[in-house]
Amino acid sequence: LAVTVPLSALALYAFLGSPGTPDQPHAASAGRVDKVLSALEEANLRLAVETNRKKLLANPNDISAWLGLAKALQGQGRSADAVDALSKALIVSNGDPNIRGIYGEALMLAANGIVTKESREAFTGVLAERPSDPRARYFLSLGDWQDGKHHEALTAWSKLAAEAKAEDGWVGLVRERITL
């Protein structure tokens, strides 16, 4: 048994395995794993786009489908299409401030991180209904920073950080902005 099992394994490997194939370095193996994961993520995003489009064909007033479509499109790097989907979600939701904030952020991302006039209007609209909204306050301050109003932006971010709770996940981003 001690001789038969190893010899059988060797014979089976010689028949089914690939003894002539060279070893693959770990780095190359990790690269293949990254490619597979990337392809899987892209397939999931395509599926999410298709699924949400089908939902919207059945019910064009499905806010969650508009939001899901926008998120998937953003994940694919299709910022303009994501903005379009969010504008429809905003209309269907009658201007929900949460969606308005997401829309403002999408507008900014579509403009390569620049707080544009349109995104500023979206964030200002959020603050009109929710004066303490951290997302709107942060991005409006980012717009001030981009416009050269550094003191105003730092003051606003410092106030926002001081008002944050320890469990607020966004506070680290605000503190990082202050220290830059």
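Me: Is Glu 42 buried, exposed or partly exposed?

Reply: The model is a predicted one. In it, Glu 42 has a relative accessible area of 30% and is therefore partly exposed, since the buried class ends under 20% and the exposed class begins over 50%. Arg 46, at 46% relative accessibility, also counts as partly exposed.

Me: Which interaction do the side chains of Glu 42 and Arg 46 form?

Reply: They meet in a salt bridge, with a distance of 3.9 Å from N to O. Both residues belong to helix H2, and because they are four residues apart, about one helical turn separates them.

Me: How many salt bridges does the count give, and which residues are linked in a network?

Reply: The count comes to seven. A network of salt bridges links Arg 120, Asp 144 and Asp 147. The side chains of Arg 120 and Asp 144 meet at 3.5 Å, N to O. Arg 120 lies in helix H6 and Asp 144 in helix H7, so this pair ties together parts that are 24 residues apart in sequence. Arg 120 also forms a salt bridge with Asp 147, again at 3.5 Å, N to O. That pair links distant parts of the chain, 27 residues apart, as Asp 147 is in the loop between H7 and H8. Arg 120 counts as partly exposed at 24% relative accessibility, whereas Asp 144 is buried, with a relative accessible area of 18%.

Me: What describes a pair of aromatic rings, and how many such pairs does the structure hold?

Reply: Such a pair is described by the distance of the centres and the angle of the planes. This structure holds four aromatic pairs. One of them joins Phe 123 and Phe 139 and is stacked, at 5.2 Å centre to centre with 15° between the planes. Phe 123 is in helix H6 and Phe 139 in helix H7, 16 residues apart. Both residues are buried. Another pair, Trp 145 with Trp 157, is tilted: the centres are 5.9 Å apart and the planes are at 35°. Trp 145 lies in helix H7 and Trp 157 in helix H8, so the pair ties together parts that are 12 residues apart in sequence. Trp 145 is partly exposed at 24% relative accessible area, while Trp 157 counts as buried at 0%.

Me: Where do the buried residues of H8 lie around the axis?

Reply: The buried residues of H8 are Ala 153, Trp 157, Leu 160 and Ala 161. They cover an arc of only 100° around the axis, which puts them on the same side of H8. These residues pack against helix H7 (134–146) and helix H9 (171–179). On the face turned away from the buried side are the exposed residues His 151, Lys 159 and Ala 162.

Terms used:
Residues are numbered from 1 along each chain as its sequence is written. This is a predicted model: local features need pLDDT of at least 70, side-chain atom pairs count only at pLDDT 80 or more; totals for chains, interfaces and linings use all residues. Side-chain values use heavy atoms; hydrogens and water are left out. Buried means under 20% relative accessible area, exposed over 50%, partly exposed in between (1.4 Å probe, protein chains only). Helices (H or I, at least four residues) and strands (E, at least two) are DSSP runs, numbered from the N terminus. The arc is that of the directions from the helix axis to the C-beta atoms. Contact means heavy atoms within 4.5 Å. Rings of Phe, Tyr and Trp (its six-membered ring) pair if their centres lie within 6.5 Å; planes under 30 degrees apart count as stacked, over 60 as edge-to-face and the rest as tilted. A salt bridge is a side-chain nitrogen of Lys or Arg within 4 Å of a carboxyl oxygen of Asp or Glu.
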